[in-house]
Amino acid sequence: MSLKRRLRRVLFGAAVCASAVAVAVAAPGSAGAATAAHQQGSHHKIVMHRVGAKARPMAASSGLQWGGGPVQHNTKVYLVFWGSQWKSDANGVQSYLTNYFAGLGNGSERWSNVMDQYTDNSGNASSGNPVLGGAWVDSASAAPSSASQSAISAEANRGASHFGVSGVNADIFVVSPSGTSPDGFPNSGFCAWHDWNGNVAYTNMPYVLDAGSGCGANSVQNKLDGFSIVGGHEYAEAETDPQAGNGWVDSSGQENGDLCAWQGLTALSESTGTFAVQPTWSNAVGGCATSA
């Protein structure tokens with residue numbers, strides 16, 4: 001598959017929320033959903049949850065197939081809190097996300113090990129080492145109120161330069177502050193997306209609390225649940241498909257997070273705290289799994 005960006009949508013619960021862009025609404029995991037997504041663009045999105053919808057059954061899938069691209073062998077997430085707005089963080093989002101990723105890959109949890117089964121020509125994906133590579137508040141100027149995709153990519157590259165990293169093992173999370181609309185959030189119907197810009201894998205991580213329960217707030221433990229549910233979803237997909245389309249996807253283009261989005265939400269105990277997560281797809285068990 002081309003390294004060109006592809007869009008992916010993951011559902012907010014049981015049904016796709018209405019998007020500001022006019023596209024066909026289809027059930028997640030269906031061919032129609034994948035087609036509608038490809039008509040939109042090229043990066044992989046987790047779609048909002050429709051509050052009050054009945055829990056949908058586990059997605060039907062023939063499993064993930066390898067597209068010939070790389071997986072991450074030494075996954076490192078780098079958190080970039082974008083903008084001087086982060087000098088104020090009354091909700092404690094910086095601490096929550098930093099602690100969540102700091103607790104992954106430390107041997108005390110098995111959720112992240114589900115991804116280790118996926119391989120490329122160099123061996124298995126691996127989150128067997130501490131996942132968090134670092135955190136940085138880029139406060140030199142305010143984050144834009146409505147950042148474009150290209151601006152988000154540029155900020156990811158600034159973060160990569162700050163940390164001195166590049167390549168498929170680096171996953172830069174560009175975390176936008178409250179009140180901003182990166183790539184049209186929340187009116188475009190997504191909670192977050194991940195992509196590849198030729199330098200690093202990166203994630204557009206909006207301030208999902210601004211979307212409330214639509215992006216997972218208070219779905220398991222507290223109002224910050226969405227940051228770990230959505231952030232974990234994107235992290236899992238970047239590990240198994242860092243170049244956003246040529247790694248491990250199923251026949252309809254769904255990634256491991258997509259197939260289990262908004263299903264079986266649970267609390268994951270880590271050495272750094274307890275955080276809300278979703279399961280991810282496991283070929284080994286032929287379904288959604290929260291441990292391996």
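The buried residues of helix α2 pack against β3 (76-82), β6 (132-138), β7 (167-175), α4, β11 (266-270) and β12 (273-277), contact meaning heavy atoms within 4.5 Å. Helices (H or I, at least four residues) and strands (E, at least two) are DSSP runs, numbered from the N terminus. This is a predicted model, in which local features need pLDDT of at least 70 and side-chain atom pairs count only at pLDDT 80 or more, while totals for chains, interfaces and linings use all residues. Residues are numbered from 1 along each chain as its sequence is written, and side-chain values use heavy atoms, leaving out hydrogens and water.

**Helices**
- In α2 (residues 93-102), V93, Q94, Y96, L97, Y100 and F101 are buried, that is, under 20% relative accessible area with a 1.4 Å probe, protein chains only.
- These residues cover an arc of only 165° around the axis, which puts them on the same side of α2; the arc is that of the directions from the helix axis to the C-beta atoms.
- Helix α4 (residues 225-240) has 16 of its 16 residues buried, so it is largely enclosed by the rest of the structure.

- Strands β7 and β9 run parallel and are joined by six bridges, pairing requiring at least two DSSP bridges; F173 stands opposite T203 in β9.
- Strand β8 (residues 190-196) runs antiparallel to β9, with four bridges between them, and W193 has N204 as its bridge partner.
- Three residues separate β8 and β9 in a hairpin, where G198 in the turn has a positive phi of about 90°.

Note on methods: Buried means under 20% relative accessible area, exposed over 50%, partly exposed in between (1.4 Å probe, protein chains only).
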